[in-house]
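This report concerns one protein chain, shown below.

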Amino acid sequence: MTQSHFYAMLSRMKYISRWGLMNNTRLENISEHSQQVAILAHCLVLIHNKRFGGDLDPERAALLAVFHDATEIITGDMPTPVKYANADIRDIYKEIEDRAADRLTAMLPEDFRGDYTAILKQSGSGDEKLRPFVKAADRFSALIKCIEEMRMGNDEFRRARDTIEQSIREMRLPETEVFEREFLPAFSLPLDELG
């Protein structure tokens, strides 16, 4: 029986820091980021289902979000302005991510590989409908990071906040408008005002 290194490799997500070009008051890794994106993606799909008559799987969205940055264990975290600087870089980086996903799934037993390929590449049946919600959740997680940094007096995140807010608006998802109106303001509150 061959041993698999897949889950041990995934546990290394906690060593990949985000926001490498920014002065952070608190470091964030892709493990904790992915957990937050999973919670937010689940919420956005619930909003879609409950407020807009949708019929999508919020648990699948959360699962896709948990793994959405897993390939960064191999590639590292590339800053968003670089990753999306132009179509050529974006396409090449997507190919690099796909190869990293293949490398990760190759660590699994053969009978697990198809399941995880679909998760890591978000290519399972119905995943294309969930991808915009995972992407929006990813952006909200980044926005929340900016809000938290600015609450700590770190103005370095001001421009990032403005850019991320604009990118969320440009998605034109009514679910993001609901989240922004009903849930996002609480992230600006101190602990004693949350309860």
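Phe179 is buried, its relative accessible area being 3%; here buried means under 20% relative accessible area, exposed over 50% and partly exposed in between, with a 1.4 Å probe and protein chains only. The model is a predicted one, in which local features need pLDDT of at least 70 and side-chain atom pairs count only at pLDDT 80 or more, while totals for chains, interfaces and linings use all residues. Residues are numbered from 1 along each chain as its sequence is written, and side-chain values use heavy atoms, with hydrogens and water left out.

Phe179 belongs to helix α10. Helices (H or I, at least four residues) and strands (E, at least two) are DSSP runs, numbered from the N terminus. Not counting residues up to four places away in sequence, Phe179 touches Leu40, Cys43, Leu44, Ile47, Phe140, Leu184 and Phe187, where contact means heavy atoms within 4.5 Å. The C-alpha atoms of Phe179 and Glu149 are separated by 20 Å, and the two residues are 30 apart along the chain.

Helix α10 covers residues 174-182, and Glu175, Thr176, Val178 and Phe179 are buried in it. Viewed down the axis of α10, these buried residues fall within an arc of 160 degrees, so they line one face of the helix; the arc is that of the directions from the helix axis to the C-beta atoms. An α-helix has 3.6 residues a turn, so residues three or four places apart point the same way. The buried residues of α10 pack against α2, α8 (127-151) and α9 (158-171).

Ile168 is located in helix α9. Apart from neighbours within four places in sequence, Ile168 is in contact with Arg139, Phe140, Leu143 and Thr176.

Ser34 lies in helix α2, which comprises residues 30-52. With neighbours within four places in sequence left aside, the contacts of Ser34 are Met13, Ala65, Val66, His68 and Asp69.

| Residue | Relative accessibility |
|---|---|
| Phe179 | 3% |
| Ile168 | 1% |
| Ser34 | 2% |

**Helix α7**

In helix α7 (residues 110-120), the buried residues are Tyr116, Ala118, Ile119 and Leu120. Their cover includes α1 (6-10), α3 (58-66), α6 (87-105) and α8. Just after α7, Gln122 adopts a positive phi of about 45 degrees.

**The chain as a whole**

The chain contains 11 helices and zero strands. Its radius of gyration is 17 Å, close to the 16 Å given by the globule rule for 195 residues, so the chain is as compact as a globular protein of that length. That radius is taken over C-alpha atoms, and the rule is 2.2 Å times the number of residues to the power 0.38. Along the principal axes, the C-alpha atoms fill a box of roughly 55 × 40 × 40 Å.

Of the 195 residues, 41% are buried. Among contacts between residues at least 6 apart in sequence, 69% join residues at least 24 apart. The accessible surface comes to about 11,300 Å², and 52% of it belongs to carbon and sulfur atoms; areas come from the Shrake-Rupley method with a 1.4 Å probe.
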